[in-house]
Amino acid sequence: MHDEPRGAPDYLLDQNLSETNQNFTFTKAHRLLDKKQFNRVFQNPDKLICTKLVLLAVKNGLDHPRLGLAISKKNAKHAVTRNWVKRVVRESFRLNQHLIGSLDIVILSRFGIVELDSSQLKELIDKQWAKLTRLCAS
RNA sequence: GGAGUUGAUCAAAGCAGUCGCUGCUCAAAUGUUUGACCCUGGUUGGUUAAACCUUUGGGGAGAGGAAAGUCCGGACUCCAUAGGGCAAGGUGCCAGGUAACGCCUGGGAGACGCGAGUCCACGGCCAGUGCCGCAGAAAAUAUACCGCCAGGUUAGAUUUUAUAACCUGGUAAGGGUGAAAUGGUGCGGUAAGAGCGCACCGCACUGGUGGUAACAUCAGUGGCAGGGUAAACCCCACCUGGAGCAAGACCAAAUAGGGGAACGUUAAUGCGGCCCGUAUAGUUCCCGGGUAGGUUGCUAGAUCUAUAUGGCGACAUAUAGACUAGAUGAAUGACUGUUCUCGACAAAAUCCGGCUUAUCGAUUAACUCCCACC
RNA sequence: GCGGGUGUAGUUCAAUGGUAGAACUCCAGCCUUCCAAGCUGAUUAUGAGGGUUCGAUCCCCUUCACCCGCU
């Protein structure tokens, strides 16, 4: 994936929708920023629940997906582990963003997420993106 | 060489590469706005400058010793400039340091250790009050249960001695209870005893010496004050106004800046313990309406590093140099290769000074004890 | 982030510094053909670690867990 050609800015990508001119940035445009945007997702979402995570998704009408995280203090006690979960999820989102449709996604943690190690969590999340896209397309 | 004591410094394991995140800075491009100029009757338009948004490229920076707990103390902001009294709370050997402290340094008393050293909420129950369960004679004005001793009466007895019971008096040595019982040991003394007397120890008072002081030490006097508890009320000395960056300020947008009722200058609110004092000119309830963001505060400071001087030290002063996170659903990660000893506790959120708690280790300085050798 | 509060049997609550108690629950027995109800009996606790005190649920310190308020 590191051999992808680079240099094409986003506004060009938006114009011709080329599959070859992808890049893998993660800016504020790719996040849910305020309470309104979060509430919109919590209103009427498509849910995908597995043992350690809950994913909520809703279509957003933009050209790219957006991500929001809600990792509670109850499930991940220390700030270090909360930050670790967020970073792994964000990294996976960044690398897989072009496989996901135009969705607003909120990810919640469930009990036991601390027991996973870094590679297990990454593998788990990588699987969820494809499932989620199929769920929302149907 | 071994065993220890006290500090100081470091600590995302290190190196290389690719992708990515948040500020800062430089350059370029597109766009928007504003100003000036040009063409023109006017508009459109063109040139140039500045600011802003977005994108691209380059450079550089980017979690801790505890960032934690929120246990103390400050800065800062608003309430009134932070006032007076009472209440409430805190601190508590002495001297110093500090912006301040419940912190730190040095010294003293006490306890522990062979020692280097360590620990220590360490004012006052002869100002007053309260409490001390059970047990015990008695738990605070001391008292007299068992004892011990003397005298008397009665019983018994040939008589005396001795014995038993009762009464009166003396005693605080001995006994048992308890966490705690009115100085300890020894000698003298006595009917038995007792600081009744003496020696030593302890205690209290007075004076001298050393020390800024806490205190230490010496001499004399008194014969002995008087239980514990103040992290019980309390007394004494000192300190403390309240709320907290979700404090507060500004901008844009929107508006209801409305209607009704009640209270009211001897009053209401600020003033969130109470009163005084003081400031403001309204305040409260009901109906109805609205609810929403952005910027700033936000990191240059009781700052850090080095040197010199003063001080036992905490620390202070002077000179030179450095700029070292500032996010806002919240930034430090992922992957690949490689090396080793296979990597603890753990993430800034206004900022500092401490304390406490968690913690794999590494380096280093000073000192103590033991063993061996010279 | 800032500021408050609470920890006692399995549950809900009491308890001047002096043997931690009540109700419900659970268990055993009695009663009943059996179950329920009733009666009798028994088990079970001061979040943890220190300190003050002769003696701490209580007073003080540290720590852990939980709850609440403020955009």
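These notebook entries record what I looked up in the structure, which is a predicted model.

**Entry 1. Nonpolar cores**

The largest nonpolar core holds 25 residues. Those with the most contacts inside this core are L53, L67, I105, I107 and W129. I then noted which elements give two or more residues to this core: strand 2 (53-59), helix 3 (79-96), strand 4 and helix 4 (118-137). Helix 4 supplies the largest share, six residues. In soluble globular proteins, nonpolar side chains tend to be buried together.

I also found a second, separate core, made up of seven residues. Among its members are L32, V54, V58 and V106.

**Entry 2. Surroundings of I107**

I next listed the contacts of I107, leaving aside residues up to four places away in sequence. I107 touches L53, V54, L55, L67, G68, L69, A70, V89 and W129. Of these partners, L53, L67 and W129 are named with I107 among the residues with the most contacts inside the largest core. V54, by contrast, is listed in the second core.

Is S109 buried or exposed? I recorded S109 as buried, because its relative accessibility is 11% and the limit for that class is under 20%. S109 lies in strand 4, which covers residues 103-109. With residues up to four places away in sequence left out, S109 touches K52, L53, A70, I71, S72 and N75. L53 and A70 are also on the contact list of I107.

**Entry 3. Cysteines**

How many disulfides does the structure hold? I counted zero.

I checked accessibility for both residues. C50 is buried, with a relative accessible area of 16%. C136 is likewise classed as buried, at 6% relative accessibility.

**Entry 4. Salt bridges**

Side chains of opposite charge can pair when their charged atoms come close. I found three salt bridges in the structure.

R66 pairs with D104, and their closest N and O atoms are 3.0 Å apart. This pair links distant parts of the chain, since R66 is in strand 3 (residues 66-70) and D104 is in strand 4, 38 residues apart. Both R66 and D104 are buried.

E91 and R94 form a salt bridge with an N to O distance of 2.8 Å. Both residues lie in helix 3. They are three residues apart, about one turn of the helix. I classed E91 as partly exposed because its relative accessibility is 35%, and R94 as partly exposed because its value is 24%.

K122 and D126 form a salt bridge at 3.6 Å, N to O. What separates K122 and D126 along helix 4? They are about one helical turn apart, because four residues divide their positions in the helix. K122 is partly exposed, with a relative accessible area of 36%. D126 is also partly exposed, with a relative accessible area of 30%.

Conventions: Residues numbered from 1 in each chain as written. Chains lettered and ligands numbered in written order. Predicted model: local features only at pLDDT ≥ 70, side-chain atom pairs only at ≥ 80, totals over all residues. Heavy atoms only, no water. Buried < 20%, exposed > 50% of the residue type's maximum accessible area, 1.4 Å probe, protein only. Contact = heavy atoms within 4.5 Å. Core = buried A, V, L, I, M, F, W, Y, C linked by side-chain atoms within 4.5 Å. Disulfide = S-S within 2.5 Å. Salt bridge = Lys/Arg side-chain N within 4 Å of Asp/Glu carboxyl O.
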